[in-house]
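Hello,

Here is the structure I promised to pass on to you. Please have a look at it first, and then read on for what turned up.

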Amino acid sequence: MSEAEDCLFCKIVAGQIPSTKVYEDDTTYAFKDINPQAKIHVLIVPKKHVANVSELAKSDPAQLAHMVEVAQGIADKEFHGEYRLVFNTGRDAGQTVFHAHAHVLTGEVLDE
Ligand code: 5GP
Ligand code: ZN
């Protein structure tokens with residue numbers, strides 16, 4: 001089985017595992033995190049499988065920039081355009097799903 005075939009977020013993008021969609025276009029999918037760490041906690045993923053944000057920055061920087069634009073759009077709607085964007089990169093940094101994803105935390109005043 002390839003890395004992508006066994007990937008939780010590839011399965012969510014493909015609709016094989018249900019999720020609460022927040023945004024979708026040709027390249028990008030956003031959905032609510034199952035274990036929210038803020039009032040609004042959304043995950044933004046590229047539809048194409050890539051292991052982490054660093055690999056994404058190398059292989060498709062325009063996709064990464066687009067994910068920031070999508071995060072901004074969510075925050076514009078939910079919380080006067082202000083948000084925290086987190087990319088856990090590597091197991092020891094807390095990455096548990098090895099398909100690049102941006103955590104968008106917004107909807108309330110966040111702790112520093
Ligand atoms: P990481 O720890 O890799 O940066 O983030 C993975 C995130 O995926 C976690 O915040 C976790 O709550 C979320 N997550 C894990 N499994 C699922 C799932 O099946 N559905 C959704 N919507 N989120 C998930
Ligand atoms: Zn994947």
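To begin with the overall build, the protein has 3 helices and 5 strands. Read from the N terminus, these elements follow the order α-β-β-β-α-α-β-β. The radius of gyration is 13 Å, close to the 13 Å that the globule rule gives for 112 residues, so the protein is as compact as a globular protein of that length. Its C-alpha trace spans about 40 × 25 × 25 Å along the principal axes.

Please keep in mind that this is a predicted model. The mean pLDDT of the protein is 96, and 99% of its residues reach 70 or more. For the complex, the predictor gives an ipTM of 0.99 and a pTM of 0.97.

Among the contacts with a separation of 6 or more, 56% are made by residues 24 or more positions apart.

Which residue does the UniProt annotation "active site" cover? That unreviewed entry points to His-101. You will find His-101 in the loop between strand 4 (84-86) and strand 5 (102-106). His-101 counts as buried because 25 C-beta neighbours lie inside 10 Å, and the cut-off for that is 20 or more. Beyond its neighbours within four places in sequence, His-101 is in contact with Phe-9, Leu-43, Ile-44 and Val-45.

His-49 sits in the loop between strand 3 (40-46) and helix 2 (53-59). With 18 other C-beta atoms within 10 Å, His-49 is partly exposed. Leaving out its neighbours within four places in sequence, the contacts of His-49 are Glu-3, Ala-4, Cys-7, Cys-10 and His-99. His-49 and Glu-78 are 29 residues apart in sequence, and their C-alpha atoms are 28 Å apart in space.

Finally, there is the ligand. Which residues come nearest to ligand 1? Of the 14 residues around ligand 1, these are Ile-34, Asn-35, Asn-88, Thr-96 and Val-97. The shell as a whole divides into 6 nonpolar, 6 polar and 2 charged residues.

Best wishes

Methods:
Residues are numbered from 1 along each chain as its sequence is written. Chains are lettered from A and ligands numbered from 1 in the order in which they are written. This is a predicted model: local features need pLDDT of at least 70, side-chain atom pairs count only at pLDDT 80 or more; totals for chains, interfaces and linings use all residues. Helices (H or I, at least four residues) and strands (E, at least two) are DSSP runs, numbered from the N terminus. The radius of gyration is taken over C-alpha atoms; the globule rule is 2.2 Å times the number of residues to the power 0.38. Two residues are in contact if their C-beta atoms, placed from the backbone, lie within 7 Å. UniProt positions are given in the numbering used here, feature names are shortened, and annotations may be inferred rather than shown by experiment. A residue is buried if 20 or more other C-beta atoms lie within 10 Å of its own, exposed if 12 or fewer, and partly exposed in between; C-beta atoms are placed from the backbone. pLDDT is the predictor's confidence in each residue, from 0 to 100. A residue is near a molecule or strand if its C-beta atom, placed from the backbone, lies within 6 Å of it. Ala, Val, Leu, Ile, Met, Phe, Trp, Tyr, Cys and Pro count as nonpolar, Asp, Glu, Lys and Arg as charged, and the others, Gly among them, as polar.
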